[in-house]
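Visitor: I have a structure to go through. Can you take me through the contacts, the core and the rings?
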Amino acid sequence: MKKAISLLMAVLCMFSLTACGHEGIEATKTPFPSFEGVDFDGNAVSNEIFSRYDATIVNFWTNGCGSCIEEMPDLEAYYQTFREKNINVIAVAASAGDSEEMRAMAEEILRRKGVAYTNIIPDPESSFYRDFICEIAGFPTTYIVDHEGNIIGAPLVGVLKNQEGALMKRLELG
């Protein structure tokens, strides 16, 4: 009897795991939340950045996320490659607005990784931070946003290089 119950539990577990795949996700369009912030050079950045490009890859990362930091060279490569296709890459350094120390740490990470794409420092008092960034369950998380400011599909959670097929499909390059 214990073997039958164990076998049944194993089968149920297997079926539940197959439902977690990303292949069946349809792209939907919802507005990216309104935001205003500054980059590490002090330049103002807002949703208007989306209108200048056919699509924008928006990556959220934190100082304490090893995977976030390790994927920065890949994001930089996307930035350099996609510029000729009118696709931009920006990032939100989610923890950089918490304190001057966190900002300095984020700035050092960006310098060390050779990042040239825009990185936004969110204001922890803003609704963008409180209502959107604080709701992100895991880092890195990446959104694809079209030129009208709409999110294309579900967020890509985890290292982007491991989800390149989904990325290219949403960018209509694959």
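Guide: A definition to start: contact means heavy atoms within 4.5 Å. The model is predicted. Among contacts between residues at least 6 apart in sequence, 73% join residues at least 24 apart.

Visitor: How many helices and strands?
Guide: There are 6 helices and 9 strands.

Visitor: What about the largest nonpolar core, which residues have the most contacts inside it?
Guide: That core has 30 residues, and those with the most contacts inside it include Ile-57, Trp-61 and Leu-171. Helix α3 gives the largest share, 5 residues.

Visitor: What does Leu-171 touch?
Guide: Leaving out residues up to four places away in sequence, Leu-171 touches Ala-55, Ile-57, Phe-82, Ile-87 and Ile-144. A second, separate core has 19 residues, among them Ile-90 and Phe-132.

Visitor: Changing topic. How many aromatic pairs?
Guide: The structure holds 15. In one of them, Phe-60 and Tyr-143 have ring centres 5.9 Å apart and planes at 80°, so the pair is edge-to-face. Phe-60 is in strand β4 and Tyr-143 in strand β7, so the pair ties together parts 83 residues apart in sequence.

Visitor: Is Phe-60 buried or exposed?
Guide: Phe-60 counts as buried, at 0% relative accessibility. Tyr-143, at 10%, also counts as buried.

Visitor: And why is the pair of Phe-132 and Tyr-143 called tilted?
Guide: Their planes are at 45°, with centres 5.3 Å apart. The cut-offs are under 30 degrees for stacked and over 60 for edge-to-face, so the rest count as tilted.

Visitor: Which residue lies over the face of Tyr-79?
Guide: Arg-83, at 5.0 Å from the ring centre.

Methods. Residues are numbered from 1 along each chain as its sequence is written. This is a predicted model: local features need pLDDT of at least 70, side-chain atom pairs count only at pLDDT 80 or more; totals for chains, interfaces and linings use all residues. Side-chain values use heavy atoms; hydrogens and water are left out. A nonpolar core is a set of buried Ala, Val, Leu, Ile, Met, Phe, Trp, Tyr and Cys residues joined through side-chain atoms within 4.5 Å. Buried means under 20% relative accessible area, exposed over 50%, partly exposed in between (1.4 Å probe, protein chains only). Helices (H or I, at least four residues) and strands (E, at least two) are DSSP runs, numbered from the N terminus. Rings of Phe, Tyr and Trp (its six-membered ring) pair if their centres lie within 6.5 Å; planes under 30 degrees apart count as stacked, over 60 as edge-to-face and the rest as tilted. A charge sits over a ring if NZ of Lys or CZ of Arg is within 6 Å of the ring centre and within 35 degrees of the ring normal.
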